[in-house]
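This report looks at how two parts of one chain meet. Please have the sequence and the coordinates open while reading.

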Amino acid sequence: MLVVEKNSLTEEIEELVAHYGNDRASLLPILQDVQRKHSYISDYAQQEIARVLDIHPVEVYGVISFYSFLYSKPMGRNIVRLCQTITCDLQGKKAVAEAIERELGIKFGGTTKDNRITLEYANCLGMCDQGPAMLINDKVYSYLTPEKAVEILGEV
Amino acid sequence: MENEKTNRVGSVIFSEYERGEAVKKAAEMSREDILGEIKISSLKGRGGAGFPTSTKWMLTAAAKSDEKYVICNADEGEPGTFKDRVLLLEYPKLVFEGMVVAGKTIGAKVGFLYLRGEYEYMLKSLHDYLSEMKQDQLLGKSICGKEGFDFDIQIRLGSGAYICGEETALIESLEGQRGEARNRPPFPVSTGYKNKPTTVNNVETLAAVSQIVTKGGEWYKTYGTNKSSGSKLFSVSGDCKKPGVYELPWGTKISELLKLVEAEKTKAVQVGGASGVCFPKSQFERTLAYEDISTGGSIIIFNESRDMVKVLKNFMEFFVEESCGQCTPCRIGNVKLLEGVEMIEDKTFTFNYINKLKELGKTMQVSSKCGLGQSSPNSFLSILENFSEEIFNGRNGGKHEK
């Protein structure tokens, strides 16, 4: 990591802490914002957040590793989460999943070579009446068919 | 995502309501009067546990502290539940005003809406709505022009953890910690967010509060049964023609619900999501009410073509992933139950071992630290009990598709 990059990240984190308040309770919103911008929370970012909030870096890592939507390793630019829970499963999740895997040439858990898409399963997205459903970043897509899902991913 | 409906039909929550009604009325009422109306209504928590709302508020109101908090639990993660999505998208007025009323009643100035990370797409519309409320003096300083009636709402996002729907895990998460459940007692009413008295209410409970304050506790009680007053929002999904959110009075029979949503050839109904109980046809005449089948409202319908072992496997995989790992019965127990389901699927089980797993399930129900591990064996136990004939004998001689 370049020094200028480090400096700008530090500045960014200090701004976030000023915005949310220098308080442990600000940790989750800060992590969510850092990740939204950088797609993950790097070791350096974790150390800086810990330093500014005056907690141990392990505390920060512990929180990141607990939540399934927070990442300490680089992810693709877009995160696709297909719902794997019961109703979406009944409504044809498997066929959608297989079509996506074939089309992108990766398995669930993987990232495309061009870093465009990381593919994951998620638990119940609360779209059970409109399944199968998936999230792409923070947007939700419902009533998926294999064809429709692949088409949507093509536009990401 | 399809546009949500704008004119839903329902007798209580979905009944007519003009923005600001509850807050304006509450501004003119004393805290005791508000508590009184809630008490008369006999409203119970709509998240599933069914704790009397007036008792929770009374305890928080009575706790001595300079700071108190209201938390709206919008971490709707139970499989098959999506009523909060509908309430937050279509009826934010009911939810947010319920929070303001709660704030006045317990003496809190700050409220948090803990919104699950999966619902991040709602964030903008919810923030816009809060701004409008501020403009209309329904939120912020001197609400409705009443000096001292101050209340502000902040929205906090979760990050994909089912366990954070458990109220003490939710509080931990709000405090910037791993979402691991606390020991109870002490309860949040005395020791909640930042160890201050806190009331944590479900989205639907707060929506009901707005209607009760506006129309009265007696009105509310005219719906439902003697022991379960009012209505319930049911999130219906699975094998039926009309899935969606339905507002029905407590006391509705499973069979009546199935007819309403046009479910055909129904074999089983899972009430309460993955942590709920699976009912066979012989029990479809039972009623949805606190005194019979108490539930947070998730209804998943399975028709005759479904393999119940596959269903159970999906539930157990869910719990293995979502167990926070803090206590042993839940962390290890769910893995063992899932292995048992896989043995059934592969026909490598022995009845002796399955019986041991049933014992393990019962042990988990009494020894797990929080509601997750206490309820995760429910579907394992109920599906094996109610569908043993099909699972071990029927369907291709006990063979199961993968």
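How much area is buried between domain 1 of chain B and domain 2 of chain B, and what percentage of it do carbon and sulfur atoms give? In this predicted model, the area buried between the two domains is about 1300 Å², and carbon and sulfur atoms give 56% of that area.

The domain assignment of chain B places domain 1 at residues 21-220, domain 2 at 231-303 and domain 3 at 308-392. Taken over C-alpha atoms, the centres of domain 1 of chain B and domain 2 of chain B are separated by 27 Å, and the contact draws 17 residues from domain 1 of chain B and 20 residues from domain 2 of chain B. On the side of domain 1 of chain B, the residues that lose the most area to domain 2 of chain B are Arg46(B), Phe82(B) and Lys83(B), which together account for 35% of what that side buries.

| Interaction between the domains | Count |
|---|---|
| Salt bridge, domain 1 to domain 2 of chain B | 1 salt bridge |
| Polar contact (both at pLDDT 80 or more), domain 1 to domain 2 of chain B | 12 residue pairs |

Helix H4 (residues 83-90) of chain B supplies 3 residues, the largest share of the side of domain 1 of chain B that touches domain 2 of chain B. Sorted by class, that side of domain 1 of chain B has 6 nonpolar, 6 polar and 5 charged residues. Elsewhere in the description of side chains, Lys232(B) and Glu204(B) meet in a salt bridge, with 2.5 Å from N to O.

Methods. Residues numbered from 1 in each chain as written. Chains lettered and ligands numbered in written order. Predicted model: local features only at pLDDT ≥ 70, side-chain atom pairs only at ≥ 80, totals over all residues. Heavy atoms only, no water. Domains from an automatic or database assignment. Contact = heavy atoms within 4.5 Å. Buried area = accessible area lost by both parts, 1.4 Å probe. Salt bridge = Lys/Arg side-chain N within 4 Å of Asp/Glu carboxyl O. Polar contact = N/O pair within 3.5 Å; in protein donor to acceptor, adjacent residues only side chain to side chain. Helix = DSSP H or I, 4+ residues; strand = E, 2+ residues; numbered from the N terminus. Nonpolar A, V, L, I, M, F, W, Y, C, P; charged D, E, K, R; others polar.
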